[in-house]
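The following paragraphs walk through a single model, moving from one residue to the chain as a whole and then to its side-chain pairings. Please keep the structure in view while reading.

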Amino acid sequence: FPTRRSSDLLGEIFKRYATCPVYVKADVKDAVACAYEMRTKETYIYCIGSLYLAGMVEKALQEVETSC
């Protein structure tokens, strides 16, 4: 039986309770690039998770900012 990705399951939970759009990306680089493209001057990008994830997000942000 195929199993669902944990990101899909978490996305469904967030969508039930969120008052804003929820986008699910399994890859950190894709998620950061998506958030960066959709941001405005009034937008904050939040990352919730481990310090390991925060390091991956920081690296991905640096790559995205460099390419823009």
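This is a predicted model: local features need pLDDT of at least 70, side-chain atom pairs count only at pLDDT 80 or more; totals for chains, interfaces and linings use all residues.

Is Ser7 buried or exposed? Its relative accessibility is 18%, and because buried means under 20% relative accessible area, Ser7 counts as buried. Leaving aside residues up to four places away in sequence, Ser7 touches Val24, Lys25 and Ala26. The C-alpha atom of Ser7 is separated by 12 Å from that of Val22, a residue 15 positions away along the chain.

Helix H1, which covers residues 6–17, also holds Ile13. With a relative accessibility of 39%, Ile13 counts as partly exposed, a value that falls between the limits of under 20% for buried and over 50% for exposed. Ile13 belongs to a nonpolar patch on the surface, which it forms with Leu10, Phe14 and Tyr17, and the accessible area of these residues together is about 460 Å².

With these residues placed, the chain as a whole can be described. The C-alpha trace spans about 40 × 25 × 20 Å along its principal axes. Of the 68 residues in the chain, 13% count as buried, while the accessible surface comes to about 6,100 Å², with 58% of it belonging to carbon and sulfur atoms. Among the contacts with a separation of 6 or more, 42% are accounted for by residues 24 or more positions apart.

The next topic is charge pairing. Side chains of opposite charge can pair when their charged atoms come close. How many salt bridges does a search of the whole structure find? The search finds one salt bridge, in which the side chains of Glu63 and Lys29 meet at 3.8 Å, N to O. Glu63 lies in helix H3 (residues 51–67) and Lys29 in helix H2 (residues 28–38), so the pair ties together parts that are 34 residues apart in sequence. Glu63 is partly exposed, having a relative accessible area of 36%, and Lys29 is likewise partly exposed, with a relative accessible area of 49%.

Aromatic rings come last. A pair of such rings is described by the distance of the centres and the angle of the planes. Here the count comes to one aromatic pair. The rings of Tyr44 and Tyr46 have centres 6.3 Å apart and planes at 40°, so the pair is tilted, because planes under 30 degrees apart would count as stacked and those over 60 as edge-to-face. Both Tyr44 and Tyr46 are exposed. A further ring, that of Tyr36, takes part in a contact with a charge: the charged end of Arg39 sits over this ring, 3.6 Å from its centre.

Terms used: Residues are numbered from 1 along each chain as its sequence is written. Side-chain values use heavy atoms; hydrogens and water are left out. Patches are made of residues with over 30% relative accessible area and no salt bridge: like charges are joined within 9 Å, nonpolar side chains (Val, Leu, Ile, Met, Phe, Trp, Tyr) within 5 Å. Accessible areas come from the Shrake-Rupley method with a 1.4 Å probe; for residues, only the protein chains shown count as cover. A salt bridge is a side-chain nitrogen of Lys or Arg within 4 Å of a carboxyl oxygen of Asp or Glu. Helices (H or I, at least four residues) and strands (E, at least two) are DSSP runs, numbered from the N terminus. Buried means under 20% relative accessible area, exposed over 50%, partly exposed in between (1.4 Å probe, protein chains only). Rings of Phe, Tyr and Trp (its six-membered ring) pair if their centres lie within 6.5 Å; planes under 30 degrees apart count as stacked, over 60 as edge-to-face and the rest as tilted. A charge sits over a ring if NZ of Lys or CZ of Arg is within 6 Å of the ring centre and within 35 degrees of the ring normal. Contact means heavy atoms within 4.5 Å.
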